[in-house]
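Student: I would like to go through this structure term by term. For each label, please set the value against its cut-off and then conclude.

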Amino acid sequence: MKAYSFLFLILAAVAFTSCTKDFQEINTNTNSPSTTRPEYHFTEAITQTAYAYQENAFDRRPAALGRYITLVRNNDYETFRWTSVDWNDIYQRAMIIKTMQQEAVTTAQPVYEATGNILMAFNMAYLTDLYGDAPYSQALQSVSTGNIKPAYDKQEAIYMSLLQLLKDANEQLRTNGAGIDAAADALYAGKALQWRKLANSLRLRMLLRCSKVYTRAFSDMQEIIDNSERYPIFTGNADNAEVVYQGVKKDDSWPGGAKNMIDADFAKTKVSKELVDALVARNDPRLAVWVAPVAATAGSTVDHHQYVGVPHALANPADYNGGEKHQSVFSSFFRQDKATGLKASLMLYSEVCFILAEAAQTGKVTVPSKTAASLYHDGIEASMDYYGVKAEAVSGAYYDSPLVKYDGTQKQLIIQKWLAMLFRGSEGWFDFRRTGYPEFVAGPMAFQPQFPVRYGWPTSEPNVNNDSYRAAIAVFGPDDINTKMWYLK
């Protein structure tokens, strides 16, 4: 019995040794590696950023505040009857980017640190543009430091950090831009120069946005303009920062298509009166591309034209002009899952033209071989080209029409920029709150006479991060949709 037991122990020891010798290899799940390569998260970071930004622009508050849409049912966006807005989706995207950058360090691929900085700056800029002060320097640290109650940073500090982040990213890619996986790069197919152009063009956007309060804004813009080799920017529609829609499932389809928006939802999304009137008054060739004519003109009670937009915040918007068959919806151009002429946009060349035109109008910036008038024209032309009506604009003498021919005013310039920025992020709303143009007026059923200037911080913040939330209010001001952020004061 003892001899048998001893032999059993020997055999068991041999067996155990044989098993444990390759234990690490045997117990490694090749389908779920402990570390991943950054390019896997790169695609995810790009597409989630672009798709979320575009979805916001089409059927959320920014579309209503920018006066592109008028909702005739479920119209709290229209009436400014707002509750606080969650920001977890932005921080989740930021966490994906941070993870990608950590993997880039591990795998010695610095190009993904640089491109990650551009994506991080884009997302964090959008966050502070919406909310004002927000957690930034202590954010995304729950895993590394255990900090789940980050302090709020002032918007000014966030902007200064992000502007430097973009500048640094451009330099990183300038000196070492090789190695971007073209197949993983859903934005620019591995072209580092295009990423640099995006970084510097985003800097122009942010610098103009804060130019009222940031004393170096125009000199920083001039530095970019004067050094095109070191700081390349968008120079044509080929540079547009856009992601195509696959149209396979809801998450990768255009937000106005059938996979995201049922017929009833699309029908309640009417074209705003502000947009239709601006297009009609200018005989704008984009009108027929963007807007569907009314189902019937006979029976109209207010507006008997072929294209009819719905005014803001009416008591019974669905009854306006005799009912919904006498109101325009957006055209079939916007009713696709895999939109032929539409992509998820982060920034367009036309926007850069208008940014430079406005800066030149101030007299504080000069652009070689360009004037404010020529840049204004370039911005319109780029938009016409984008929507396939460039020839129509020329044949219809669009640029010489009274409301379009350059008159040197910020009002005219911003109206054209507003048209070009149709469903591009929150740009229409952001420019309106910054400049007052176009001159939108709140409708009769609005809960307040002025348009909101920000989102309220999430309702969860007083519960999970109360000390930081209260400290932020003491610095920023009331957590109210009318409290102006740093660059609007």
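Student: What makes Tyr53, Gln54, Ala241, Glu242, Tyr386 and Arg424 count as being in contact with Ser345?

Tutor: Contact means heavy atoms within 4.5 Å. Leaving aside neighbours within four places in sequence, those residues are in contact with Ser345. The model is predicted: local features need pLDDT of at least 70, side-chain atom pairs count only at pLDDT 80 or more, and totals for chains, interfaces and linings use all residues. Residues are numbered from 1 along each chain as its sequence is written, and side-chain values use heavy atoms, with hydrogens and water left out.

Student: Why is Ser345 called buried?

Tutor: Buried means under 20% relative accessible area, exposed over 50%, and partly exposed in between (1.4 Å probe, protein chains only). Ser345 has a relative accessible area of 2%, so Ser345 is buried. Ser345 lies in strand β6, residues 344–347; strands (E, at least two residues) and helices (H or I, at least four) are DSSP runs, numbered from the N terminus.

Student: Which side chains make a polar contact with the side chain of Ser345?

Tutor: The side chain of Glu242 does, at 2.6 Å, and so does that of Arg424, at 2.6 Å. A polar contact is a pair of N or O atoms within 3.5 Å; within protein, one must be able to donate a hydrogen and the other to accept it, and residues adjacent in sequence count only if both atoms are side-chain atoms.

Student: How do you know that Leu375 counts as buried?

Tutor: Leu375 has 4% relative accessibility and therefore counts as buried. Its place is in helix α15. Not counting residues up to four places away in sequence, Leu375 touches Cys353, Leu356, Ala357, Ala360, Val367 and Lys370. The C-alpha atoms of Leu375 and Glu358 are separated by 8.8 Å.

Student: Why is α3 called roughly parallel to α7?

Tutor: Helix α3 (residues 38–59) and helix α7 (residues 110–131) pack at about 25°, with axes 11 Å apart. That angle makes the pair roughly parallel, because angles under 35 degrees count as roughly parallel, over 145 as roughly antiparallel, 65 to 115 as roughly perpendicular and the rest as oblique. Axes are lines fitted to C-alpha atoms, for helices over the stretch in contact, and angles run from 0 to 180 degrees between N-to-C directions.

Student: Which residues of α3 and α7 meet?

Tutor: Among them are Phe42, Ile46 and Tyr53 in α3, and Leu119, Phe122 and Tyr126 in α7. By class, this contact has 9 nonpolar, 4 polar and 1 charged residues. Ala, Val, Leu, Ile, Met, Phe, Trp, Tyr, Cys and Pro count as nonpolar, Asp, Glu, Lys and Arg as charged, and the others, Gly among them, as polar.

Student: What makes α7 and α18 oblique to each other?

Tutor: Their axes come within 12 Å and cross at roughly 50°. The two helices are therefore oblique. Tyr126, Asp129 and Leu130 in α7 meet Trp429, Phe430 and Arg433 in α18. That contact has 4 nonpolar, no polar and 2 charged residues.

Student: How do you know that helix α17 is mostly covered?

Tutor: In α17 (residues 410–420), 9 of the 11 residues are buried, including Leu413, Ile414 and Trp418. What covers the buried residues includes α9, α12, α13, α14, α15 and α18.

Student: How many residues of the protein chain count as buried, as a percentage?

Tutor: Of its 489 residues, 55% count as buried. The chain has 20 helices and 6 strands.
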